[in-house]
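Welcome, and thanks for taking a look at this structure with us.

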Amino acid sequence: MAGFWLGVVGVTCFAITLPATRLATGSAADPQLTPAFVTLGRAALAGLLSVLFLLVTRSRWPARRHWGPLLGAVCGNVIGYPLLLALALRSVTAVHAAVITALLPLVTAVAAALILGQRARPAFWACAVLGSALVVVFAWLRTHGQGGFGLAPADLLLLGAVVAASVGYVYGAQVTPELGAERVICWMCVLALPLTLPAALWLWPDTAAQPVRAASWLAFVYVGTVSMWAGFFAWFRGLDWGGALRVSQVQLLQPFLSMLFAVPLLGERLDALSLGFALAVVATVFVGRRLSRPAAQEPAA
């Protein structure tokens, strides 16, 4: 039971990431911290915390064979996903982004099948296509309702963020059995620190010229300490204690929790279109994950 509730805590931490990022960056009409600073700054903050953790636990340096997957995870999870997400949230609401990013578990399974060379069932690929089609239709309807046509640039950024995070998760998972989940997160942040720390200091906002609200700074601290770091501790420990198959299903609640948190944090409004498409996408994710086990290999002749 403790593992299950730790999983709930982890998913709740991640669900707040969308509205917190939007709060940190502000909108195009009311900008606060720049997306580049939020991305690099949150990674730098998590990197400094990771250095302390690795020193206190006397963790050994990763072996040479670990560096490739760790760097792949850095590109996807430390830089790619946060940057694309922050750029997109300047233009769309957190409720809107929650529908698009609901594809993340399913796209992660697709990335695992492609990168690891696993054969998945045809029904799984059908779910992946259906889920992607639902997201495209949702984004198109939103753009059409605002007088446009096709996918908005922010939607393409969100889809890119989903792909980046999925690829990063797969590379990180490759070294997790040897390094341990907490140390994988920490080494990812530490590896990026030579880039993220000086870049974040260089991009530090001039608050004298353009004041930044206290709420935006608090949101920035949240995404650096919780979304990028502490949330993973609760999530991976919950998977370990409660069983990955059982606890991972809690992740299906994440888009709805993001929507709920966006109401008090940002004053956004829940609408039937977003809730309906989120339910449909989560349904395809649920079925797809049940079918994501590799297909049985035919016996050799």
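In what order do the elements of the protein run from the N terminus on? They run α-α-α-α-α-α-α-α-α-α-α-α-α, with 13 helices and 0 strands in the protein. Helices (H or I, at least four residues) and strands (E, at least two) are DSSP runs, numbered from the N terminus.

Please keep in mind that this is a predicted model, in which local features need pLDDT of at least 70 and side-chain atom pairs count only at pLDDT 80 or more, while totals for chains, interfaces and linings use all residues. Residues are numbered from 1 along each chain as its sequence is written, and side-chain values use heavy atoms, with hydrogens and water left out.

**The whole protein**
- Of the 301 residues in the protein, 52% are buried, where buried means under 20% relative accessible area, exposed over 50% and partly exposed in between (1.4 Å probe, protein chains only).
- Among contacts (heavy atoms within 4.5 Å) between residues at least 6 apart in sequence, 86% join residues at least 24 apart.

**The nonpolar cores**
- A nonpolar core is a set of buried Ala, Val, Leu, Ile, Met, Phe, Trp, Tyr and Cys residues joined through side-chain atoms within 4.5 Å.
- The largest one has 39 residues, and L18, L103, L158 and V281 touch the most other members.
- At least two residues of this core come from each of α4 (64-88), α5 (94-101), α6 (104-115), α7 (122-145), α8 (153-179), α12 (254-266) and α13 (272-290).
- A second, separate core has 26 residues, including A46, F232, W235 and V250.
- Setting aside neighbours within four places in sequence, L18 is in contact with Y81, L85, L89, A94, A97, A98, T101 and S258.

- Helix α1 (residues 2-15) has 14 residues and reaches 20 Å from its first C-alpha to its last.
- That is close to the 20 Å expected at 1.5 Å a residue, the expected span being 1.5 Å times one less than the number of residues.
- The buried residues of α1 are G3, G7, G10, V11, C13, F14 and A15.
- C13 lies in this helix and has a relative accessible area of 15%, so C13 counts as buried.
- Leaving aside neighbours within four places in sequence, C13 touches Y222, V226, S227 and G231.
- C13 and Q254 are 241 residues apart along the chain, yet their C-alpha atoms are separated by 9.3 Å.

**Helices α3 and α9**
- Helix α3 (residues 35-56) packs with helix α9 (residues 181-202) at an angle of about 130°, their axes being 6 Å apart.
- Axes are lines fitted to C-alpha atoms, for helices over the stretch in contact, and angles run from 0 to 180 degrees between N-to-C directions.
- That angle makes α3 oblique to α9; angles under 35 degrees count as roughly parallel, over 145 as roughly antiparallel, 65 to 115 as roughly perpendicular and the rest as oblique.
- E182 is found in α9, and its relative accessible area of 12% is why E182 counts as buried.
- Beyond neighbours within four places in sequence, E182 is in contact with F53, F233 and R237.

**Helices α5 and α12**
- α5 and α12 pack at an angle of about 170°, with axes 9 Å apart, and are therefore roughly antiparallel to each other.
- Here A94, V95, A98 and V99 in α5 meet P255, S258, M259, A262 and L266 in α12.
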